[in-house]
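Here are my notes on the model you sent over. Have a look at the structure first, then read on for the two ligand sites.

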Amino acid sequence: MPATIVVGTQWGDEGKGKFTDLVAKEMTAVVRYQGGHNAGHTLVVDGETFTLQLIPSGVLYDHITPVIGNGVVVDPLVLITEMDMLTSKGVDCSNLLVSGDAHLILPYHQQLDALHERHLGVNKLGTTKRGIGPAYADKAMRVGLRVQDLLDAKIFRQKLDAVLGQTNKILAKVYNRLPLDADEVAAQFLDEYLPRIHGHIGDSIGFVHGSLAAGHHVLFEGAQATFLDLDYGTYPFVTSSNPVSGGACTGGGIGPLDIERVIGIAKAYITRVGSGPFPTELFDDVGDLLVDLGHEFGTNTGRRRRPGWFDAVMMRHAVRINSVTEIALTKIDILDTLETVKVCVAYDVDGVRHETMPWHQSDLHKAKPIYEELPGWQTDLSGFTERSQLPANAIAYIEFLEQQCGAPIHLVGVGPGREQYLHFAA
Ligand code: GDP
Ligand code: IMO
Ligand code: MG
C-alpha cells in the first residue's frame, strides 16, 4: 500500500506545496488529483520561490515523475507557461506526465466563470475566475473535451463544434457576449498548444499502478481543501472538485486499499479566500497581524485572505472524513509574538454546545466559537529544527491541538523554506 496523500484540512493555502515537496523526497512520483490553476502552491528552496498552479510540487526533484491526474482540469496555456517558467529556473520538466483523461479548460470556461459571478452579485462565491466550475460542469454534463481529444483532430473538432453550438447560444442570448469561433479555438489548441505538450500526454493510471506494483512510493497531492470540497465543504461556497483524500481515488487512479498514509495539512490558524461561513474569523488587530506576518494574500489572485483562530471542530471533522493518519502543522511561527493563542474547541449554536460539525449549514452560519485560551511562547521558532528546542508553551499548544483533533502531529513548519520544519512525533 505505498500510496500517501497530502490533503488540505481547512479552506486552502495551508502549506500543501511546501509539505508535498518535503515528503516527495522519499517518493518516486507525485500525482495532482483534482482542481486546476485555481491552486497556488508555494515552495521556497535555497531562497528561491516557486509558485505552482498545475504541476505537482515534487517537480523540483530529479528523481520524481510529476503526474497531472485524470481528476484535474487543465488549461494548456497555463501548463505551457508553467513548464517554461520552471525550465527557465533550471527545473527539468521532461518527464511530466499528463493524463489523457484530464479535462480541458476552454476559453469560454473562464468567461462563464466571471459572468456567473457577476450575475450572482452580492451572493457571489468569490471564485478564482479560472473557469474551474464551468469546466467541471461540462464534465458532469458529458460535453467536456479531454486532453486525449487533442490527439485526434477529427474528434476534437466534433466535440468542440457540439459544445460551442450550445455554449455560443448561452454567451449570446443570456449574456449578450460574442460567440467563440471554433476555427480559432481549434487552431489555438491543435496547432499552438498540442505540439508543446504532445510528448507529455499519456496513461497516468497505468503509470501509477506500475509504480505501486514495483513497490515504489507514490504521493498524491490535493489542491484546495476539505471545506472547499464540492461534497464536504460549505456548499455553495466551495470549489467544483473533491479535494478530500477520497478524491485521490477518483482523480489519481488508485483504490482505497492502495492508501497507506494520509497527511492532513493544517495551518496553526485558519485563512479563507472568497465568500462563505467562517466561525472563527477575526476582524481585529490580531487578524491583521496574522495577515501581515503570514503574508496572507492569494498566491494567484493577490486577494487578502480572511484570517481566524484554529478551529478544532472543523479539524476533527476533517480528520474523520479524510482518514488523516498524521497532521503536518504549518505556520506556527506566525503566532510567535502573541501573548495568548486561542483555539476553538466547540460551537455555541442558539445556546447549544456542538463539539462536532453541525449538519445543517444554517447552524454553521450562526455558530459562535467557544475558545480555550493558551499562553503564547513569545519566542522566534523560525530557526528551530528539533522538538527539544521548542519552548514549553509551544509544545503545550501543539499537544493541545493533537488532543483536540484526534490525530498525531508529525511535522511542524516554522518558516516557508524547505528546511524550516521539525519532527514533533516522539
Ligand atoms: P498551499 O496552497 O496549501 O500550497 O499554500 P500556499 O503556498 O498558497 O500558502 C502557504 C504560504 O505559507 C506560502 O507562502 C508558503 O511559502 C508559506 N509557508 C508554508 N509553510 C510555512 C510555515 O511553516 N511557516 C511560514 N512562515 N510560512 C509557511
Ligand atoms: P490551494 O490549492 C484557497 C476558493 C476560491 C473560492 C472557491 C471557489 O492553493 O489551497 P474556484 O475558482 O475553485 O471555483 O473558487 O474556492 N479556492 C481556493 N482558496 N486556496 C485554493 O487553492 C483555492 N482554490 C479555490 O477562493 O472561494
Ligand atoms: Mg495556495
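**Notes on the two ligand sites**

1. Start with ligand 2: one of its oxygen atoms is 2.7 Å from an N or O atom in the side chain of lysine 16. That is a polar contact, meaning a pair of N or O atoms within 3.5 Å; within protein, one must be able to donate a hydrogen and the other to accept it, and residues adjacent in sequence count only if both atoms are side-chain atoms.

2. Before going further, a caveat: this is a predicted model, where local features need pLDDT of at least 70, side-chain atom pairs count only at pLDDT 80 or more, and totals for chains, interfaces and linings use all residues. Residues are numbered from 1 along each chain as its sequence is written, chains are lettered from A and ligands numbered from 1 in the order in which they are written, and side-chain values use heavy atoms, with hydrogens and water left out.

3. A polar side-chain atom of asparagine 38 comes 2.9 Å from an oxygen atom of ligand 2, and a backbone N or O atom of glycine 40 is 3.0 Å from an oxygen atom of ligand 2. The protein covers 97% of the 550 Å² of accessible area that ligand 2 has on its own (Shrake-Rupley method, 1.4 Å probe; for residues, only the protein chains shown count as cover).

4. Who else is around? Ligand 2 is surrounded by 20 residues, and the closest are Lys16, His41, Thr128, Gln224 and Thr239 (near means a heavy atom within 4 Å). By class, that shell around ligand 2 has seven nonpolar, 10 polar and three charged residues.

5. Now ligand 1. Lysine 16 turns up here too, with a backbone N or O atom 2.7 Å from an oxygen atom of ligand 1. Valine 414 puts a backbone N or O atom 3.4 Å from an oxygen atom of ligand 1, while a polar backbone atom of glycine 415 is 3.1 Å from a nitrogen atom of ligand 1. Of the 590 Å² of accessible area that ligand 1 has on its own, the protein covers 92%.

6. The shell around ligand 1 counts 19 residues, the closest being Gly15, Lys16, Gly17, Thr42 and Asp333. Its classes are three nonpolar, nine polar and seven charged.

7. Which element gives the most to the shell around ligand 1? It's α1, with three residues (helices are DSSP runs of H or I, at least four residues; strands are E, at least two; both numbered from the N terminus). Nine of the nine residues of α1 are buried, so this helix is largely enclosed by the rest of the structure (buried: under 20% relative accessible area, 1.4 Å probe, protein chains only).

Key
Ala, Val, Leu, Ile, Met, Phe, Trp, Tyr, Cys and Pro count as nonpolar, Asp, Glu, Lys and Arg as charged, and the others, Gly among them, as polar. Buried means under 20% relative accessible area, exposed over 50%, partly exposed in between (1.4 Å probe, protein chains only).
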